[in-house]
Amino acid sequence: MGLSLQEYQTTLKSRVTLSGIGVHSGKAVSIHFSPADPDTGVVFSRIDLDGTPREIRALVSEIGATDLSTVLGDPSGAYVATVEHLMAALLGLGIDNVAIEIDGPEVPILDGSAAMFVDAFDQAGIEEQDARRRYIRIVKPVRIESGSSWAEFRPYNGTRFEVDIEFDSPAIGRQAFATDIDAARFRKDISRARTFGFMRDVERLWAAGYALGSSLENSVVIGDDHRVINVEGLRFADEFARHKTLDAMGDLALAGARFIGCFRSWRGGHKLNASALRRLLSDRSAFEIVETVRQGRGRVGEMVAVNAPVYAPWMI
């Protein structure tokens with residue numbers, strides 16, 4: 001795929017709201033998305049805490065937990081859980097700046113994928129802003145290992161994900177999904193892939209206070225006989241690997257800027273994704289901050305390195 005970069009930052013054209021329940025908390029929640037100024041990034045605001053909104057930025061530095069989902073903020077205080085599907089939709093559609101108000105501790109799970117976030121952002125509309133977008137371009141490999149799992153960033157002329165998974169169940173087995181990312185591919189190939197789990201784990205999760213809102217309406221469930229028990233079946237033959245790609249996109253969106261490179265993982269998850277991103281950003285020789293310049297007749301030309309901190313300006 002040839003490299004095609006958006007030159008300017010984007011935001012929503014209008015406000016839009018979604019309501020549902022948290023997959024782990026089981027609590028009803030409404031979430032409101034509004035346009036935001038250039039260089040704002042993605043900012044959550046908990047509007048249900050003592051009448052005083054508490055802001056939480058969608059950045060890797062704000063990750064508080066990665067057990068079964070990605071949690072931003074302090075898990076014992078002001079936090080927002082299960083942000084990964086929403087963040088994947090923002091990354092996939094190329095939305096840079098958005099103000100998010102939420103009246104509960106967890107982003108609604110909706111149908112278990114990113115599809116309803118995509119629909120909401122399409123309803124609101126997306127508009128270009130008067131500020132250049134900066135990218136994190138990978139210039140050398142960065143790898144992290146954890147037991148038999150690993151993840152790495154490699155230089156690549158585009159934004160690419162290569163995700164391999166393996167589960168001890170014939171319903172999943174070993175699956176791989178690889179794709180370059182743009183809005184069209186995200187909509188068609190990734191956004192509709194749902195979260196999944198095993199019936200055998202339900203009681204343990206409930207006892208630990210997780211999966212209280214999980215159902216066949218928002219999760220692909222694998223029964224004790226290793227069959228998918230959802231009546232409608234799978235949306236894709238490799239839906240499990242596609243959903244893990246969706247999760248990885250959401251976790252890596254917490255870089256605060258889009259990356260140009262290839263992310264690969266084997267048997268990964270939220271914790272490994274976050275660790276890989278931290279490892280990348282801690283090695284200033286592994287990446288550079290770039291933006292595009294125009295070269296005649298209004299066409300976007302080469303990328304140029306810019307004088308910028310390790311993080312994009314709004315991350316400081």
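Predicted model: local features only at pLDDT ≥ 70, side-chain atom pairs only at ≥ 80, totals over all residues.
Helix α3 spans residues 183–190. At its N-terminal end, the helix is capped by Asp 182, a side-chain oxygen of which lies 3.2 Å from the backbone nitrogen of Ala 184. The buried residues of the helix are Phe 186, Asp 189 and Ile 190. Viewed down the axis of α3, these buried residues fall within an arc of 100° and therefore line one face of the helix. Ala 184 and Lys 188, on the other side of α3, are exposed. An α-helix has 3.6 residues a turn, so residues three or four places apart point the same way. The packing partners of the buried residues of α3 are α1 (84–93), α2 (115–124), β15 (174–180) and α5.

The packing of two helices is described by the angle between their axes and the distance between the axes. For α3 and helix α5, which comprises residues 239–252, the axes come within 10 Å and cross at roughly 140°. By class, the contact of the two helices contains four nonpolar, one polar and two charged residues.

Ser 191 is situated in the loop that connects α3 to β16 (196–198). With a relative accessibility of 3%, Ser 191 counts as buried, since the cut-off for burial is under 20%. Apart from neighbours within four places in sequence, Ser 191 is in contact with Ser 113, Ala 114, Ala 115, Val 118 and Phe 186.

Glu 162 is located in strand β14, which covers residues 159–166. Its relative accessibility is 22%, and Glu 162 therefore counts as partly exposed. When neighbours within four places in sequence are left aside, Glu 162 is in contact with Phe 177, Ala 178, Cys 262, Phe 263, Arg 264 and Ser 265. With Arg 264, the side chain of Glu 162 forms a polar contact of 3.2 Å.

Technical notes. Residues numbered from 1 in each chain as written. Heavy atoms only, no water. Helix = DSSP H or I, 4+ residues; strand = E, 2+ residues; numbered from the N terminus. Buried < 20%, exposed > 50% of the residue type's maximum accessible area, 1.4 Å probe, protein only. Contact = heavy atoms within 4.5 Å. Polar contact = N/O pair within 3.5 Å; in protein donor to acceptor, adjacent residues only side chain to side chain. Axes fitted to C-alpha atoms, helices over the stretch in contact; angles between N-to-C directions. Nonpolar A, V, L, I, M, F, W, Y, C, P; charged D, E, K, R; others polar. Arc of directions from axis to C-beta.
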